[in-house]
Structure formats: structure tokens, C-alpha cells
Amino acid sequence: MYTRGSTNTRIIVGVYVDDLIVTGEDPVAIKNFKKQMMGEFEMSDLGFLTYYLGIEVERQKAGITIKQSAYAKKVLDQFGMASCNPVKIPME
């Protein structure tokens with residue numbers, strides 16, 4: 001995790017191997033940071049975050065939702081429970 005700038009122009013960069021997540025409050029500062037990085041490194045801008053390290057990310061007006069439904073399905077398949085009946089509360 002790296003930060004750049006201060007107060008309103010602060011940019012936070014999360015790095016994992018060759019993947020970056022760039023976030024901050026100032027869209028212009030983010031755009032300039034990405035432009036600078038693309039000038040130094042061979043990289044592409046994939047737009048808004050949708051999937052990172054097995055976590056699905058969905059933007060909505062009310063906020064951001066993160067989930068791991070693909071991982072949950074994989075675990076259910078692994079233990080032979082793919083056809084089980086889902087319930088909201090794990091008891092009868």
C-alpha cells in the first residue's frame with residue numbers, strides 16, 4: 001500500500017505483484033497519476049475495479065458491494081454440495 005499527496009489530492013495505490021488499485025477523492029489527480037505511470041511502465045487502464053484477488057466488486061449508487069460468490073461456488077463443488085438448498089440462516 002502506497003500513498004501520494006495530501007488531504008484532498010491524496011492517492012492510495014494498492015499493489016499485488018503486477019496488479020494495481022488506484023483510488024482517491026480527486027479524479028484529476030488520479031488521471032495524472034495514471035498518465036505518469038503509463039509513461040514509465042508498460043501498463044493499461046482497465047477502468048473501474050470489478051474483480052481483484054478473487055473478490056468481485058460492484059459499484060452502486062448506494063455504495064460498493066464486494067463478494068466472493070465464484071469462490072463460494074468452487075468450495076461447494078469441491079465438497080459435493082453444489083446442488084444444496086441455500087438458506088439465509090444456517091439452521092432450520
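Helix H1 (residues 27-40) lies across strands S1, S2 and S3 of the predicted model. H1 runs at about 155 degrees to S3. Axes are lines fitted to C-alpha atoms, for helices over the stretch in contact (heavy atoms within 4.5 Å). Angles run from 0 to 180 degrees between N-to-C directions. Helices (H or I, at least four residues) and strands (E, at least two) are DSSP runs, numbered from the N terminus. Residues are numbered from 1 along each chain as its sequence is written. In this predicted model, local features need pLDDT of at least 70 and side-chain atom pairs pLDDT 80 or more, while totals for chains, interfaces and linings use all residues; side-chain values use heavy atoms, without hydrogens and water.

S1, S2 and S3 form an open sheet in the order S1-S2-S3, with antiparallel pairing. Strands S1 (2-4) and S3 (19-24) stand at the edges. Each has a single partner strand, so one side of each is left without a neighbour in the sheet. Neighbouring strands of this sheet are turned by 20 degrees against each other on average, direction ignored. Two strands pair if DSSP finds at least two bridges between them. S1 and S2 (residues 11-16) are joined by 3 bridges in the antiparallel sense. Thr 3 has Ile 12 in S2 as its bridge partner.

Another open sheet holds 3 strands in the order S4-S5-S6, again with antiparallel pairing. Its edge strands are S4 (51-52) and S6 (63-67), each pairing on one side only. S4 and S5 (residues 55-60) run antiparallel and are joined by 2 bridges. Here Tyr 52 has Ile 55 in S5 as its bridge partner.

The largest pocket holds about 990 Å³ of space. A pocket is an open set of points on a 1 Å grid over the protein atoms alone, where a 1.4 Å probe fits, with protein on both sides within 12 Å along at least five of seven lines. Grid points are joined across faces, edges and corners, and the volume is the space filled by probe spheres set on the points. S2, S3, H1, S4 and S5 each give two or more residues to the lining. S3 gives the most, with 6 residues.

Arg 59 lies over the face of Phe 48, at 3.8 Å from the ring centre. Such a placement requires NZ of Lys or CZ of Arg within 6 Å of the ring centre and within 35 degrees of the ring normal.

Note on methods:
1 Å grid on protein atoms, 1.4 Å probe; cavity = no way out; pocket = protein on both sides within 12 Å on 5 of 7 lines; lining within 4 Å.
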